[in-house]
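Me: I would like to learn how to read a model like this one, feature by feature. Where do we start?

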Amino acid sequence: MLAKRIIPCLDVQDGKVVKGINFIGIKEVGDPVECAIEYDKQGADEIVFLDITATHEGRGTMLDVVSRTAKNVFVPLTVGGGIRTADDFRELLLAGADKVSVNSAAIRNPAIISEAASRFGNQCVVVAIDGKKTAPDKYNVFVNGGRIDTGLDVVQWAMEAEKLGAGEILLTSMDADGTKQGFDLDMLNAVCAVVNIPVIASGGCGQLTHFTEMFQKTSADAALAASIFHYGELTVNQVKLELSQNSLPVRLL
Amino acid sequence: MIGIIDYGAGNLFSVKNALDFLELKNIITSSAEEIRNVDQLILPGVGAFPDAMRMLERSGLTETIVEEAGKKPMLGICLGMQMLFEYSNEFEIVKGLGLIPGEVSRITAPGLKIPHMGWSDVKVENECQLSAGIEKGHRFYFVHSYKVVTEKQYVSLYADYGDYIPGLVFKDNIFGTQFHPEKSGEIGLKLLQNFGGLK
């Protein structure tokens, strides 16, 4: 049986981890490679780097971060943020990423999904969707950190992304994100019901039980979290032990 | 010295990174002479079977690989494992290297997502040299839509994904993993370490 995956996400800017880190024993605080190694030790099933660098120079730095990580961490590595073309996919995959996640560029130009899928395989194309409730049972796709409503329907867009060749959907709830009140189960269920590719739940987890609840009440395949792991509130392993105690399949170290 | 065969397809650098990390000497090669000289061979592969076999044929290395396969330990990874078998019916019937009896066909797992992607636990069918230290319940990272169909005597580890999925196969000193040991954390590295120690 497939394990439910726990995926820590690191926000990286100009080659440095943005949010504070409370890891013990890390030599260079803020080095994404060191953080990734720590998460790997904690049992992360996959690691996500979200590049929030705005400058061109910084993008090159990200390639270096990916390549150094791939030499030291032997679980799948996903990189997202600022991906504009299928050639951006290529650069990151060559540097050592296993998957690349694309968000607003896919909304502007959905063909990037099919082009990347046919060139590099569906399995490495992750479509990230930031969703927000706009009416009862109605979720729209937002961009620019939840500021701009694209008018697109989350459920429709997820179906479209799968049809175009996405291998996975990373679904972030802009309503739940940062609240620590738990995942947005309704939006997750709405998307899980219509796609036949893995769905990664993101946004809202603040305590152990949120992970259990999410996996018990939805068919999502993975949970992604950033700050709860950054700030050392929980370790990946703690989350997995909790899931395991609740009879959910996980990869234990 | 482990030779990682470069025929234009496959995730060569992930495998190289893992071998480097384990301090196992290795070289990425597309030279028949080097393939004859190295101590062990790894055949990587991602993508579709027909394309990969055609690329291998075009590289002119097929004959050398088949010759050397009996002489030194060889490991096919993912599509590289599938290529060790007789033929595949992915899109069309295409002949493989024919080093292990069996064929490649699509996973049939009603109600489950295809590709089979993620960490699946394995069970032991037969012990082999590469499975040392690996037990029932250990999880490996899989990404594939096709599986190998072969006799159980050639299967060391398998996963149950609504279908019988051979994960580690072997025949004499020819081995193949459907999963990616280079992406399967510590336990995957263990398997590569086992391979590096074979004579």
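Reply: Start with burial: a residue is buried if 20 or more other C-beta atoms lie within 10 Å of its own, exposed if 12 or fewer, and partly exposed in between, with C-beta atoms placed from the backbone. Helices (H or I, at least four residues) and strands (E, at least two) are DSSP runs, numbered from the N terminus. This is a predicted model, in which local features need pLDDT of at least 70 and side-chain atom pairs count only at pLDDT 80 or more, while totals for chains, interfaces and linings use all residues. Residues are numbered from 1 along each chain as its sequence is written, and chains are lettered from A and ligands numbered from 1 in the order in which they are written.

Me: Which residues are exposed on α6(A)?

Reply: A:Q156 and A:K163 are exposed there. They lie on the other side of the helix from the buried set, which consists of A:V154, A:V155, A:W157, A:A158 and A:A161 in residues 154-164. Seen down the axis of α6(A), the buried residues fall within an arc of 165° (the arc is that of the directions from the helix axis to the C-beta atoms), so they line one face of the helix. After α6(A) comes A:G165, with a positive phi near 120°.

Me: Which residues of α10(A) are buried?

Reply: In α10(A), residues 236-245, the buried ones are A:V236, A:V239, A:K240 and A:L243. Their arc down the axis of α10(A) is within 95°, so these residues line one face of the helix. Just after α10(A), A:S247 has a positive phi of about 65°.

Me: How many residues of β9(A) are buried?

Reply: Six of the six residues in β9(A), residues 168-173, are buried. A:E168, A:L170 and A:T172 point one way and A:I169, A:L171 and A:S173 the other way, all of them buried.

Me: Which strands does β9(A) pair with, and how is pairing read?

Reply: Two strands pair if DSSP finds at least two bridges between them. β6(A), residues 125-135, runs parallel to β9(A) and is joined to β9(A) by six bridges; A:D130 has A:T172 as its bridge partner. β10(A), residues 199-202, is also parallel to β9(A), with four bridges, and there A:T172 stands opposite A:S202. From β9(A) the chain crosses through helix α7 (residues 185-192) of chain A to β10(A) in a right-handed β-α-β crossover. A crossover is right-handed if, with the strands pointing away from the viewer, the path from the first strand over the helix to the second runs clockwise.

Me: In what order do the strands lie in the open sheet of chain B?

Reply: The four strands run β6-β5-β7-β10, with mixed pairing. β6 (94-95) and β10 (146-149) of chain B are at the edges with a single partner strand each, so one side of each has no neighbour in the sheet. Within the sheet, β5 (residues 87-88) and β7 (residues 103-106) of chain B run parallel and share two bridges, with B:Y87 opposite B:E103.

Me: How many helices and strands does chain B have?

Reply: Chain B has six helices and 13 strands. Of its 199 residues, 52% are buried.
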